[in-house]
Amino acid sequence: MISLPEIKDILNNNDPAFLEGLARKSRTLTQQYFGRAVSLYAPLYLSNYCSSHCTYCGFQSKNRIARVRLTPEQMQSEMKAVAETGIESILLLTGESYEATPLSYLKEASTIAKQYFSSISMEVHPMGTEEYRELFLSGVDGITVYQETYDRGRYKEVHLSGKKSDYDYRRDTPQRAARAGMRHISLGVLLGLSDTVGDLLALYGHLRWMEKHFPGVEYSLSFPRLRKIKGRAFAICNVSDLDFIKILCLTRILFPRVGLNLSTRETSALRGHALELGITRISAGSNTSVGGYHLKSAGEQEPQFDIEDQRSVEEIVEYLKSKDFDPVLTDWRRIENSV
Ligand code: SF4
């Protein structure tokens, strides 16, 4: 396993020959294991109710925004709008409210989503193994849960209240989801929140531990960078584009088979560059507001964060083809999840 000083050296080394070697190795490994395939997915926000207070998030409980939770009929129209763009893999998200979006609500969302999508993942409040089991049986295949930062002190500073302030419960969430049978688990850190080197080392260690104890799960990693919310900066992300690319390359070299996700938080130019080096899964045509695809006009929306890459799914598919990538909308035919 890589050490802290080694990661630091890589992030501090801007020698062109070194950078070229890093990029070449990452690109070669990506092509070796993934070819030119790039999977596409879209996020769909079900609710922005949240009982936690995370200082960097527009949905936090103290923020005076209109709180919305989609009804089953509204879920249908939002999901239909996304499915009509060609997307077949959906990531359903909520704020973290155990009261507003309980397990029964999430199961209902999954049941509806099965009509439109072949793969369903969720990024919702952390739960116990039995609850994840119920979600799995209702059709959910994957769970996304980022630790945000592995630095306990910093974690406490930015997670002021609510269940999310329980560091250990959150850190152990991926293993509870894996025990419940989830097929995909996505881990990550929010870059810019804390010391990048320390967070990378801890994230890599966490993933190695998961791979060792739950080898049947398909893992992916994400490195979202802090973003403004409706133009306001809650914190400044100090991770430059160059550092970000180095992080992707380093991660690919350490984990050749792991999926690397990249969201529309990043610009189309950076996404294009990152795709050549190691990214294997991207969101497309995204909206980060509840009801943003069909129900609400742009002026009415309350996004969780601002989007940089505004291209439609169709435009992204065309772009990928023009660059000789194989856009993959689904590699999976829906089957009933069972025990
Ligand atoms: S990051 Fe999640 S838990 Fe924290 S305030 Fe935002 S929605 Fe709530």
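Student: Which residues surround the ligand?
Tutor: This is a predicted model. In the model, the shell around the ligand has charged members as well as nonpolar and polar ones. The residues that surround the ligand are Cys50, Ser52, Cys54, Cys57, Phe59, Gln60, Gly95, Glu96 and Lys164.

Student: How do the residues of that shell divide into nonpolar, polar and charged?
Tutor: Cys50 and Phe59 are among the residues around the ligand, and Cys and Phe count as nonpolar. Glu and Lys count as charged, and the shell includes Glu96 and Lys164. The division is four nonpolar, three polar and two charged.

Student: Is strand E3 mostly covered or mostly open?
Tutor: Strand E3 spans residues 89-94. On one side Ser89, Leu91 and Leu93 are buried, and on the other Ile90, Leu92 and Thr94 are buried. With six of its six residues buried, strand E3 is mostly covered.

Student: Which strands does E3 pair with, and in which sense, parallel or antiparallel?
Tutor: Five bridges join E3 to strand E1, residues 37-47, and Ala42 stands opposite Ile90 there. Five bridges also join E3 to strand E4, residues 119-123. In that pairing Leu93 stands opposite Glu123, and Ser89 has Ser119 as its bridge partner.

Student: Why is E4 described as largely enclosed?
Tutor: A residue counts as buried if 20 or more other C-beta atoms lie within 10 Å of its own. E4 is largely enclosed by the rest of the structure because the number of its five residues that are buried is four.

Student: Which helix lies between E4 and E5 in their β-α-β unit?
Tutor: E4 and strand E5, residues 142-144, pair in the parallel sense over two bridges. One of these pairs Met122 with Ile143 in E5. The unit is right-handed, and its helix is H5, residues 129-137.

Student: What is the radius of gyration of the protein chain, and how does it agree with a compact globule?
Tutor: The protein chain has 12 helices and 11 strands, and its C-alpha atoms fill a box of roughly 55 × 45 × 45 Å along the principal axes. For 339 residues, a compact globule would have a radius of gyration near 20 Å. The chain agrees with that, at 19 Å.

Note on methods: Residues are numbered from 1 along each chain as its sequence is written. This is a predicted model: local features need pLDDT of at least 70, side-chain atom pairs count only at pLDDT 80 or more; totals for chains, interfaces and linings use all residues. A residue is buried if 20 or more other C-beta atoms lie within 10 Å of its own, exposed if 12 or fewer, and partly exposed in between; C-beta atoms are placed from the backbone. Two strands pair if DSSP finds at least two bridges between them. A residue is near a molecule or strand if its C-beta atom, placed from the backbone, lies within 6 Å of it. The radius of gyration is taken over C-alpha atoms; the globule rule is 2.2 Å times the number of residues to the power 0.38. A crossover is right-handed if, with the strands pointing away from the viewer, the path from the first strand over the helix to the second runs clockwise.
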